[in-house]
Structure formats: structure tokens, C-alpha cells
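Subject: Structure handover

Hi,

Here is the structure we talked about. Please open it alongside this message; my notes follow below.

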Amino acid sequence: MNMDQLKRQAAARALEEVRDGMQLGLGTGSTAKHFVELLGERVRAGLNVIGVPTSEATRLDAERCGVPLTTLDEIDHLDMTVDGADEIDPEFNLIKGGGGALLREKIVAAASDRMIVIADDSKWVPMLGRFPLPIEVIPFGLGATRRAIEKAFAACSVSGQMAVRKAKGDDKDGHVFVTDGGHWIVDAQLEKIADPPHLATALSAIPGVVEHGLFIGLASSAVLAGGEGIRVIE
Ligand code: 5RP
């Protein structure tokens, strides 16, 4: 089974948790896209749910699949969010933002009673950090923000190279990647993050940092698909 089939399997298992009438957060990325597609099939068969998308890409996917959408201005909470992740540790701390949607993903996850992470099992790691940590920043004053981030790294005993994310695609080569919120992303290659909550708090205190990809205390379960089958970890 290839990686994409594993992602679809994880999405299908998470779909079993969906009940009629639920208000759902819809994640972003290739695994979450499978969930939206499978959810769309159920909606077309009569399931009554409503979703809040975590990116413009997911909004378009959900519309294409016939999943009814709303916003966090129109409803006051979500029953469950299903989203992918770039890394998951045994405490359910996550690195997210590989797809650049971390800000809306975190707002939606924080508004949810429950967050299920769906992934292929390569994302399950003993310690976060090998995947570059995305940090969403305001372009204004980026030099000062970078220096403040470096100080936060030092205070948390981590270090590594930072690079402003570039957009991908023939027409975009060389351009800076711009998030749905109009911000930039700095990716930090840290290798090991021994204390993710400490680093999360330090980064959140920096004025030019809009949000970072450390999700602490938000996810409560993970559905991991691997060669040996599906594992649900709670
Ligand atoms: C997007 C994300 C994604 O959930 C994360 O990058 C995982 O993506 P994929 O399912 O494609 O591996 O955080 O901002």
C-alpha cells in the first residue's frame, strides 16, 4: 500500500467517529483532503453535518465535494476537528503548518471539543523537531522578529537554521509563500525540541509572530495508518 492509500485509510477510520448533526473542523493537507472527500460521499448519501474549513484550499475541496460550510462567527463551537500533522509525539504535541495553514488550523482546533489527528505512521515520532517548525510572521520588521525568535530558541535550548518559506509552482518560483492570512512563514530546522510547551510559550510572546506550528494540548487522539494496519492512539 502506498503512502496516499495509507492516508486515505486513516481518514476513513476517523470518519467512523462522525455522527449525524455534528459541526466539524476540516483540516488542510493531503490526508485531510481524503477526509473531506470521504465526508462528501457520506453527505451525498444523506449525512447531516456542517464544516468549518481551515484553509481556502479546503474550502474549495469541501465545496466541490458538497460538504455544507459555515464559519466560527455563525456557530459557537465545533464537536470535532479532523486534521493531519507533520509530526505527533506520544504526548499528542504536534508540529503542523507544512501546508501553511497553521493559523486557521489552530483557531479551528481550539474551538473544537475534540481534535483527531490522521496520518500515516511515519509522522509518529518520539520527539518533535526533525520536521522544520513553521512560524507564521508579519513581514514588517522581520529582522527584529527573527532575532527575537533566536533568543527564544536559546532560552529553550534549541538552535537551527531559519528560512523564509518560498512558494512552489512554475509561476511562483522565487516568490515568498504567502498564507491565507497574508503573512509569511519562517521554517526553523531544530532537529530536537525537548520541551515543546516551553518553546510554544516563548514563541507566542514575540510580537511579530502571528502563530507557530506547535499544537500543545489540542489533539486528543491519533489515527495512524501503516503497513501493519490502523492504530488508534488515545
Ligand atoms: C497544513 C498541515 C498539514 O496537516 C500537515 O502539513 C500534514 O499534511 P499532509 O497530510 O499532506 O501530510 O499542517 O498546514
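Two strands count as paired if DSSP finds at least two bridges between them. Keep that in mind for the sheets. Note also that this is a predicted model.

Strand β5 covers residues 94-95 and joins β11 through two bridges, in the antiparallel sense. Which residue of β11 stands opposite L94? That is F215.

**Four-stranded sheet**

A second open sheet has four strands. Its order is β8-β9-β7-β10, again with antiparallel pairing. Here the edges are β8 (161-164) and β10 (209-212), and each of these pairs on one side only. On average, neighbouring strands in this sheet are turned by 25 degrees against each other, direction ignored. Strand β9 spans residues 184-189 and pairs with β8 over four antiparallel bridges. Within that pairing, M162 has A188 in β9 as its bridge partner.

α4 lies across β7 (133-137) and β10. The angle between α4 and β10 is about 65 degrees.

**Helix packing: α1 and α2**

Helix α1 (residues 3-15) packs on α2 with the axes 8 Å apart, at an angle of about 50 degrees. The two helices are therefore oblique to each other. The crossing of α1 and α2 is right-handed. On the α1 side, the contact uses K7, R8, A10, A11, A12, A14 and L15. Facing them in α2 are S30, T31, H34, F35, L38, L39 and R42. By type, the residues of this contact divide into eight nonpolar, three polar and three charged.

**Helix packing: α2 and α3**

α2 also packs on helix α3 (residues 56-65). Their axes come within 9 Å and cross at roughly 25 degrees. Why do α2 and α3 count as roughly parallel? Angles under 35 degrees are classed that way, so the crossing of roughly 25 degrees makes α2 roughly parallel to α3. This crossing, too, is right-handed. α2 contributes A32, K33, V36, E37 and G40 to the contact, while α3 contributes T58, D61, A62 and C65. The residues of the contact of α2 with α3 split into four nonpolar, two polar and three charged.

**The ligand site**

How many residues surround the ligand? There are 18, and the closest are G29, T31, G84, G98 and G99. T31 also belongs to the α2 side of the contact with α1. Which helices supply at least two residues each to the shell? They are α2 (30-44) and α4 (102-110). The largest share, three residues, comes from α2. By type, the shell holds four nonpolar, 10 polar and four charged residues.

**Where to look**

Start at α2. α2 packs against α1, crosses α3 and supplies three residues of the ligand shell. Then go to α4, which lies across β7 and β10 and supplies at least two residues of the shell.

Best wishes

Technical notes. Residues are numbered from 1 along each chain as its sequence is written. This is a predicted model: local features need pLDDT of at least 70, side-chain atom pairs count only at pLDDT 80 or more; totals for chains, interfaces and linings use all residues. A residue is near a molecule or strand if its C-beta atom, placed from the backbone, lies within 6 Å of it. Ala, Val, Leu, Ile, Met, Phe, Trp, Tyr, Cys and Pro count as nonpolar, Asp, Glu, Lys and Arg as charged, and the others, Gly among them, as polar. Axes are lines fitted to C-alpha atoms, for helices over the stretch in contact, and angles run from 0 to 180 degrees between N-to-C directions. Angles under 35 degrees count as roughly parallel, over 145 as roughly antiparallel, 65 to 115 as roughly perpendicular and the rest as oblique. A crossing is left-handed if the near helix is turned anticlockwise from the far one by less than a right angle, and right-handed if clockwise. Two residues are in contact if their C-beta atoms, placed from the backbone, lie within 7 Å.
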